[in-house]
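Biologist: Let us go through this model together. I will ask, and you reply briefly.

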Amino acid sequence: MHFAISIPQRVPDGTFDPAKLHNYLTRAESLGFHSAWTQEVVLGSAPALAPLELRSGTQKIEFGSVPTLSPLELMTFAAACTTRLRLGCAVFVSPLHNPIHLAKSISTLDQLSRGRIEVGVGSGGGGRMFSAFEVDPASLIARFTEGLRLMKACWTEPRINFSGRFWQLDGASMEPKPFQKPYPPLWIGASHPAAVRRALRYGNGFFGAGSSTTAQFAQQVHVLHEALAESKQDPSFQIAKRVYIAVDDNVTRARERVDAGLKQIYGSSGMTAVAIYGPPSACIKGLREVADAGAELIQLHPLFDEAEQMERLAAEVIGEVQNN
């Protein structure tokens, strides 16, 4: 069982404090966290998970307006601040990227960090402004899978010959390759059963979303285990879960702050069921349930007071979960 921590990304214009983030990252490393993770939000924020309102035959989706730093640049800053802490993104919405550019950036960052990068990718699903990225939603999964194959080719092949539907290369080369061989650990984020099974075909691990409950995550793990048994795949395949969390001795206050934080992200109230909150005993119980559901890596995502929450989690919660 390993624990990871989120890297604070919500930074209103002009308020970034390099020293504060440097101290947070070095403290996370000294506390023994396995890794620190970012997310990708380019435009707006994640769509609301509440039922979508239909207006004139089109979907109307409410978005939060959370100012969010870009993951690759933030991971680069984090790599320069630390020496042992592994760094990841869960997840890059990879169909919105040119896979060659993304592969090059990740390979470079893996070299700069001396092999400390973890890569999470996901197809993204509905609700995103695909027109801004010249992506046809009807081809989303095809772009996702082809893009992953091309990224792997860039990372492993001395001469890249690739004849795909969206991208074609003839005798191209990309150097340097990633520091980690054959490439950094590749996590797939997904929720639909078909997408969960896809994680086994294309990734080294599955990353459960923060917006899923522990019960939903347990169902996804069940699907994974069934698919693993059928495929006789390498049993080293890893399973992780991102968890929104708040340690607060006042349960009512914790619930209110968690609800407000999730509403800012997803644009919808009433989502506290996806989070774990309350006094240390409640957080220990909730995280044990996530571990029992199959998580081998739990990424803790505080919704407020990140530095203070990290200290309380390390001092009062994590050890008790690990010693269970």
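Biologist: How many helices and strands does the protein chain have?

Modeller: This is a predicted model: local features need pLDDT of at least 70, side-chain atom pairs count only at pLDDT 80 or more, and totals for chains, interfaces and linings use all residues. Residues are numbered from 1 along each chain as its sequence is written, and side-chain values use heavy atoms, with hydrogens and water left out. Helices (H or I, at least four residues) and strands (E, at least two) are DSSP runs, numbered from the N terminus. The chain has nine helices and 13 strands.

Biologist: What is the radius of gyration of the protein chain?

Modeller: The radius is taken over C-alpha atoms, and the globule rule is 2.2 Å times the number of residues to the power 0.38. For 324 residues that rule gives 20 Å, so the chain is as compact as a globular protein of that length, with a radius of gyration of 19 Å.

Biologist: At what angle do the axes of α2 and α3 cross?

Modeller: Axes are lines fitted to C-alpha atoms, for helices over the stretch in contact, and angles run from 0 to 180 degrees between N-to-C directions. Angles under 35 degrees count as roughly parallel, and α2 and α3 are therefore roughly parallel to each other. The axes of α2 (residues 71-81) and α3 (residues 99-112) come within 11 Å and cross at roughly 10 degrees.

Biologist: Which residues of α2 and α3 make the contact?

Modeller: Contact means heavy atoms within 4.5 Å. The residues are Leu72, Met75, Thr76 and Ala79 of α2 and Leu102, Ser105, Ile106 and Leu109 of α3.

Biologist: Where is Pro176 found?

Modeller: A cis peptide bond joins Glu175 and Pro176, with omega about -5 degrees. Another cis bond joins Lys181 and Pro182, with omega about 0 degrees, and Pro182 lies in the loop between β8 and β9. Pro176 is found in the loop between β8 (168-172) and β9 (186-189).

Biologist: Which residue other than glycine has a positive phi near 55 degrees?

Modeller: Most residues other than glycine have a negative phi. Look in the loop between β6 (117-122) and α4 (140-156), where Glu134 is found. The residue with phi near 55 degrees is Glu134.

Terms used:
Angles under 35 degrees count as roughly parallel, over 145 as roughly antiparallel, 65 to 115 as roughly perpendicular and the rest as oblique.
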